[in-house]
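Q: I am new to this structure and would like to learn how to read it. Can we go through it one feature at a time?

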Amino acid sequence: MKKALQKYKDIQDIDLDAIYDFIDNGDRSRAPQEVVDYLDLMDKIRAMHLRIDRYGSKDAIVNHLMKVEGLSRYLAGKAYNQSMEYFYADNDISKEAWRNILAQRMEKNISIAQQLVKDVADTSKVNKMYIEMAQALGLHLPDPEPVPEGAYARPTKIYTLSMEDLGRVPQPKKELRDFIMQLPEVSEKVKQMALQEALLEPMQIFPDENEDPRKS
């Protein structure tokens, strides 16, 4: 027990990012011993996971790691989770990883059932198992709609004050000016501002305070 515990004393500082980084960028022939030990441990956990007859659950595997490898419950649970993720998918035991895990187990059960087929009724049962496996994998669901080309491209921005640039026909200037100037109960300052914003008068970007209708 002490020897096993000593062997894994440094794995608490290892996570999947470190493993992936080493595999992608490191020299495998010169792997740090703690990395080698952790990879061996994850592979052992994967093999135990496949032995459904002996290790049928996470708890059974965690208890084995505690008794045989001398790991704490926390470290054994962490090693189990990361082993499942490393061999089956990305993220912290994602749905995709669980789909692959379940599919592997279901496929093994189907193979056993198929070898025991004796009549048409048994064949129908095996076919039903295949259907259930397809549903577990989501094969009955429609494929997601493809993302349109350029959907993530930066949008084109157009800055203009001209209606013609936007393909719109502007109102005749004289009619628009007459309409603005005949607005009832509107001060001259507001009318002047409306004329400027309609591009009928030169725009005053920074009007004097006494000329700004918004402050009057």
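A: Start with the core. In this predicted model, the largest nonpolar core has 22 residues. Those with the most contacts inside this core are Tyr38, Leu41, Ile45, Ile61, Leu65, Leu71 and Met84.

Q: Which elements give two or more residues to this core?

A: They are α2 (16-25), α3, α4 (58-68), α5 (73-88) and α6 (95-115).

Q: How many helices and how many strands are there in the protein?

A: The protein has nine helices and zero strands. Read from the N terminus, the order of elements is α-α-α-α-α-α-α-α-α.

Q: What share of the residues counts as buried?

A: Buried means under 20% relative accessible area. By that cut-off, 24% of the 216 residues of the protein are buried. The protein exposes about 16,300 Å², and 53% of that area comes from carbon and sulfur atoms.

Q: Which residues of α4 are buried, and what covers them?

A: Ile61, Val62, His64 and Leu65 are the buried residues in α4. They cover an arc of only 160° around the axis, which puts them on the same side of α4. Their cover includes α3 and α5. The face turned away from this buried side carries the exposed residues Asp59 and Lys67.

Q: Which residue with a positive phi follows α4?

A: Gly70 follows α4, and its phi is near 75°.

Q: Is Lys191 buried or exposed?

A: Compare its relative accessibility with the cut-off for buried, under 20%. Lys191 has 9% relative accessibility, so it counts as buried. Lys191 is part of helix α9 (residues 188-197).

Q: What is Lys191 in contact with, leaving aside its neighbours within four places in sequence?

A: Lys191 is in contact with Ile180, Met181, Leu183 and Val186. For Leu183, the backbone oxygen lies 3.5 Å from a polar atom of the Lys191 side chain.

Q: What share of contacts links residues 24 or more positions apart?

A: Among the contacts in the protein with a separation of 6 or more, such pairs account for 48%.

Technical notes: Residues numbered from 1 in each chain as written. Predicted model: local features only at pLDDT ≥ 70, side-chain atom pairs only at ≥ 80, totals over all residues. Heavy atoms only, no water. Core = buried A, V, L, I, M, F, W, Y, C linked by side-chain atoms within 4.5 Å. Buried < 20%, exposed > 50% of the residue type's maximum accessible area, 1.4 Å probe, protein only. Helix = DSSP H or I, 4+ residues; strand = E, 2+ residues; numbered from the N terminus. Contact = heavy atoms within 4.5 Å. Areas by Shrake-Rupley, 256 points an atom, 1.4 Å probe, with all protein chains shown as cover. Polar contact = N/O pair within 3.5 Å; in protein donor to acceptor, adjacent residues only side chain to side chain. Arc of directions from axis to C-beta.
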